[in-house]
Amino acid sequence: MEALPISDGSGYLDRYADFASQFAGHRTVDVWCPPGYDDDGNARYPVLYMHDGQNIFDPALAYGGVDWGIDEAVTRLMREAGHPGVIVVGVWNSAQRWQDFMPQKSLESTAGQAILPHFVEAAGGMPVSNHYLAFLVNEVKPLIDASYRTRSGRVDTLVMGSSMGGLVSLYAVEEYPHIFGGAGCLSTHWPAGGDPLVDYLAEHLPPPGAHRLYFDYGTENLDAQYEPFQQRMDERLQAAGFQRGVDWLTLKFEGADHNERSWRERVDIPLRFLLGAS
């Protein structure tokens, strides 16, 4: 583990550069602790697990040279809303990102079988998101809870990502509803499986009232494809008993594109919603 400085003093970052997994191979895991973490040795913090971790803290590493600025967003939340902060775990993606993030059981379902060959051809192999989630739940989370002062229960364990990372965030809550209390799904890439994927995930939602689910989408480029699929999911969420603004939120951002810059501009919103600080 390597401790890395944060240039503006907003917390500090630990990097596990060669995290070995029996489920998901070797990859990098970053752990950011908020300002004040070392000042009070008794305080415990919720934890936000984020996919594509190389894109969230450092513009030098991020795709397109713009990071999410999640450390700055948490620091703003602490300053403006008096929130105690959250530990952020950024799991870097691998070369098989699509395979890691595609909800595996959706393509193993009867309806998903028609999509599976197309996915395998496009992604270069079968989906392995069950292994990826086992890596998060059985290897990463135990290390974080043992090494940092976390609040390890469901309500304080959250997951968030964009595009394919949005899909696997929702899938994480559905596969491990006792572990994850909320999912932030930004610019969710529904076209990866179309209506059968939406319907599978809608049929396996956790019971309403115990989890927070956040969705959003823009209107430019890839995001321009998402609205009809998101509306289909929204109808199912409402039918299942989720209450908009209480345990579910979907937002549309006119003019927003499918990139880190757009997600950086609005990440404060899902962060506050998932943490109950809206």
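Which backbone atom does the side chain of Gln54 reach, and at what distance? I find the backbone nitrogen of Asn93, at 3.2 Å.

I note the ground rules. This is a predicted model, with local features needing pLDDT of at least 70 and side-chain atom pairs counting only at pLDDT 80 or more, while totals for chains, interfaces and linings use all residues. Residues are numbered from 1 along each chain as its sequence is written, and side-chain values use heavy atoms, with hydrogens and water left out.

**Gln54.** I place Gln54 in the loop between β4 (47-50) and α1 (70-81); helices (H or I, at least four residues) and strands (E, at least two) are DSSP runs, numbered from the N terminus. Gln54 counts as buried because its relative accessibility is 13% (buried: under 20% relative accessible area, 1.4 Å probe, protein chains only). Beyond its neighbours within four places in sequence, Gln54 is in contact (heavy atoms within 4.5 Å) with Leu61, Ala62, Trp92 and Asn93.

**Leu271.** I find Leu271 in helix α10 (residues 268-274). Leu271 has 3% relative accessibility, so Leu271 counts as buried. Setting aside neighbours within four places in sequence, its contacts are Leu48, Ile70, Ala73, Val74, Leu77 and Val86.

**Strand β8.** I checked residues 212-217. Five of the six residues of β8 are buried, so β8 is largely enclosed by the rest of the structure. Strand β7 (residues 182-186) runs parallel to β8, joined by five bridges (strands pair if DSSP finds at least two bridges between them). Gly184 has Tyr214 in β8 as its bridge partner. β8 also pairs with strand β9 (residues 248-252), in the parallel sense, over five bridges. There, Tyr217 is bridged to Lys252 of β9.

Notes: Buried < 20%, exposed > 50% of the residue type's maximum accessible area, 1.4 Å probe, protein only. Polar contact = N/O pair within 3.5 Å; in protein donor to acceptor, adjacent residues only side chain to side chain.
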